[in-house]
Amino acid sequence: MLQIAKYCASGNDFVIFHAFEKADRSQLARILCDRQNGIGADGLIVLVPHESHDFEWEFYNADGSTASMCGNGSRACAHYAHRFGLAPSSMAFLTGAGVIKAHVEGDMVQSDLTPPVIVNQEIVESGMKWWLIDTGVPHLITFDADIEHFNIDLARTLRHRYNANVNIASINLDGTLRVRTYERGVEDETLACGTGMAASFYRAVQERLVDENTKVFPKSGETLYLGFEEGVITFKGEVKGVFETTWRN
Ligand SMILES: N[C@@H](CCC[C@H](N)C(=O)O)C(=O)O
């Protein structure tokens, strides 16, 4: 019998459980994340023991592909780890992108993301300037005041052309940011993407369009608090435990 939980973090949803050892769970991810025949989620996270960190994770997108990092998933799994006694409220765990530090305070969870890397600032597609930034996974970012009209067909084309997630961001008059993301591995727009918000925020900071601490709003409308301190992007917001149960697999 396994403990299994579903979490939602800013609109991104995840199935989460912990296991004794690493395994290839790609097919299980597809089954559990299926919104008709399974639980339904954007991704599956499995926590496994690690000898020098609080735990290590396996992260799978809904289509069974693996990803080295997931910002919202990092906050959801930190809450899960604390909830089930796998880690103290301040923890460090290993992802494919490196060690992530997280802090849980009630339902508010902050993750310190891996240092952002600007891969390319010179991309022009469809008359718009795009930056490719790695915040643990690759993201294309453009700014567009008309964020209501996210061109999903263009996003899908660029996702395959650059093997990256695709974001459009808009700066609000009060210096906050709105972001919409097409995600690899879900192959559609999701309600939120943490590393996408972080990459959009980082570009906006680099271009001096926003302060180094600001609020970011994904498609779900939830409020996320982003900061840039000593080369690290901090990412904070609420996570919701949707349900937990035991499961015989
Ligand atoms: N939703 C995540 C990112 C998950 C990985 C991404 N789909 C990829 O394959 O690159 C987030 O919150 O960062």
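Two residues are taken to be in contact if their C-beta atoms, placed from the backbone, lie within 7 Å. By this criterion, 17 residues of domain 1 are in contact with 20 residues of domain 2. The structure is a predicted model, in which local features need pLDDT of at least 70 and side-chain atom pairs count only at pLDDT 80 or more, whereas totals for chains, interfaces and linings use all residues. Residues are numbered from 1 along each chain as its sequence is written. The chain averages a pLDDT (the predictor's confidence in each residue, from 0 to 100) of 97, and 100% of the residues score at least 70. The model has an ipTM of 0.98 and a pTM of 0.97.

The domain bounds, which come from an automatic or database domain assignment, are 2-112 + 237-247 for domain 1 and 117-230 for domain 2. Their C-alpha centres are separated by 23 Å. On the side of domain 1 that touches domain 2, α2 and β16 (232-247) each supply at least two residues; helices (H or I, at least four residues) and strands (E, at least two) are DSSP runs, numbered from the N terminus. This side has 5 nonpolar, 9 polar and 3 charged residues, where Ala, Val, Leu, Ile, Met, Phe, Trp, Tyr, Cys and Pro count as nonpolar, Asp, Glu, Lys and Arg as charged, and the others, Gly among them, as polar.

A nonpolar core is defined as a set of buried Ala, Val, Leu, Ile, Met, Phe, Trp, Tyr and Cys residues joined through C-beta atoms within 7 Å. A residue is buried if 20 or more other C-beta atoms lie within 10 Å of its own, exposed if 12 or fewer, and partly exposed in between. The largest nonpolar core holds 39 residues, of which Y7, I16, L44, I45, A76 and C77 touch the most other members. Elements that each supply at least two residues of this core include β1 (2-9), β3 (43-48) and α2 (71-83), and α2 gives the most, with 5 residues. Residues up to four places away in sequence aside, C77 touches I16, I45, L47 and W57. A second, separate core of 34 residues includes L113, V216, L226 and F228.

Helix α4 (residues 194-206) is largely enclosed by the rest of the structure, because 12 of its 13 residues are buried; among them are G194, M197, F201 and R203. The expected span of a helix, 1.5 Å times one less than its number of residues, is 18 Å for α4, which agrees with the 18 Å between its end C-alpha atoms. The helix is followed by R208, whose phi is positive, near 55°.
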